Every structure is written in C-alpha cells, then in structure tokens.
Amino acid sequence: MGKLRGKVAIVTGASRGIGQQIAELFASEGARVVCAARTLNEGDHRMLEGSLLRTVDLIRWKGGDAIAVTADVSNEPECIALVQAARQAYGPIDILVNNAALNYYEATETYPTSRWLRCFAINVHAPFILSKEVLADMIPRRSGAIVNISSGAAIGPGRGPYEDQTVLGGVMYGTTKAALERFTQGLAQEVAHYEGISVAAVSPSQVVPTPGTIHHKLVSGVDDPKGEPPILMARAALLLASEPAVKVNGRVTYSQQILQEYGLMEDARGRGVTVRGSGYSEV
C-alpha cells in the first residue's frame, strides 16, 4: 500500500523540475494529485521545457491519478480557484506542496519594483493564501500536511567585510525563502494544537539541475557533479507529507539531511550535512 493512498495533494509548480518529480512520486504512492502551474501545453513557455499536460500524462501512463489546473498563484483569486477545482475533482485537500517560485537574477539597485513584488507574491504570499485555503479542510479533520519548498538561498552571507563581492542577483530570492521558512515555523506553531496537521519546509542540499537552474547557469547540466537529482527532493517531500505530524511539524530541513536521518541515504553531503543550514533549520 502506498504511503499516500487515498490522499488528495496539490503540487504547485508541477510543470517541470522539482514540482514534477514530487507530483510523480506522490501519485506513485497512491495520492490523487492536482498539478498546478501556468504552463499547460509543451512549448507554451518561451524559454523552458515542461508542461502540466506532460506531467499528468507521465503520471497516468504509470497508472496514477492526476489532473492539470492552470493557475497564476501570484493572484489570490486564482489561488482560491485552484483549491476549489481540486476539491471539485477529488474532495477535501490532505496535502499542499508550495513549490512554485520565481526569481530574476538582477542587482537590487536596478531590480524593477514590479518584478520584486511579483516574486514576493509567488514565493511568499501564495503559500500563505493556499495554506489558509487548505486549512479549511484540514482543521475540521485535524489531519493534513503542508510542505514548503525552500532554498539554500535563505542562508545569508553573514556580516562583512566580504571577500567575495560578486553581485549574483540573489538578494530577492534569498529574502523570500527566509520569509518562507519563518512562515513555516510560525504556522506550524499555530496548528500544533490540532495534533494531526504538520507544516514543514525542505531545501535541496545541493543545487538541483532543472530546466530553470540550467537556464540560469547555476549548474552546467543534468550531470553536473555539484548538483543532486530532483528525486531526492521528492523523496524528502514525501517524508514530510507522510510522517506523523508530531515528528515533522515545524521542521526546516534539507533533502539529503532528512533522507540520511531516516536511513534512506548513506553518502549524504551539502547543506544540512557537510555545510550548515539556515538558522531556522537549527532550531
């Protein structure tokens, strides 16, 4: 029997990369998966490969159950409509994975305010809105899991002086991911008295080669030795979505760290293992 048999899961950003892997793995574990993103058809995105229909087709080809729902989660009405569509298709929501994210690699001094606000809307505001919506299903049943996908970018550079003064353009992304980790633990504390609801966050221990990270040259390709395969993030998300709330509520962790902790990986490395994680992961 799959770990998520009979569960209903929403996965945002499921058209490619980590979100696609999470959607596929959750479906293979018995969940009925609502795959959400903006890119419905292959080729709709002007730069990146991947689409909701491809993800859903892969799931169904393997015998899983999934639907595609297009949604721009920077928009509150579309977040609400996404949850309503998921309920209409499958019933009350058991699992929410807030994976959708956006960044533009630009220096803060020239960062367009409109882009800054849009990134916050997707990276921070959408997880809040979607969490609020699915809690309406989880609280009456005192059961559910919210998994937020964070990033090593949440770890700041520390105080100066700075030997490395390269402008990488990651200030906004790191700021939103740090906010997401604080949101995770704050919401986890608020729902703790329901006992069966968990809110947790997980980041890659190493850079994950995805269409996005390859496009932005964070890794050279899918076989880059400094990267980790996206299935590790999917397996870590599965742990956070399936373990009892008492064991994972409020966890801010890293893919290889938690997989090693549960005996699912031996040669772990990277953030949370050989490199320190964020402050939120250490409390």
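**Close-up views of a predicted model**

**View 1. Y111 is a buried aromatic residue.** Y111 has a relative accessibility of 8% and so counts as buried, the cut-off being under 20%. The model shown here, as in every view, is predicted.

**View 2. Y111 meets W116 edge-to-face.** A pair of aromatic rings is described by the distance of the centres and the angle of the planes. The ring centres of Y111 and W116 are 5.5 Å apart. Their planes stand at 90°, so the pair is edge-to-face. W116 is partly exposed, at 24% relative accessible area.

**View 3. Y111, W116 and F120 make up one aromatic cluster.** The count of aromatic pairs comes to two. Y111 and W116 are one of these pairs.

**View 4. R115 sits over a ring.** The ring belongs to Y104. R115 lies over its face, 4.1 Å from the ring centre.

**View 5. Seven strands build an open, parallel sheet.** The strand order is β3-β2-β1-β4-β5-β6-β7. Neighbouring strands are turned by 20° against each other on average, direction ignored.

**View 6. β1 pairs with β2 in the parallel sense.** Strand β1 spans residues 8–12, and strand β2 spans residues 32–37. Five bridges join the two. In one of them, V8 has R32 of β2 as its partner.

Definitions and conventions
Residues numbered from 1 in each chain as written. Predicted model: local features only at pLDDT ≥ 70, side-chain atom pairs only at ≥ 80, totals over all residues. Heavy atoms only, no water. Pairing = 2+ DSSP bridges. Helix = DSSP H or I, 4+ residues; strand = E, 2+ residues; numbered from the N terminus. Axes fitted to C-alpha atoms, helices over the stretch in contact; angles between N-to-C directions. Phe/Tyr/Trp six-rings, centres within 6.5 Å; stacked < 30°, edge-to-face > 60°. Buried < 20%, exposed > 50% of the residue type's maximum accessible area, 1.4 Å probe, protein only. Lys NZ or Arg CZ within 6 Å of the ring centre and 35° of its normal.
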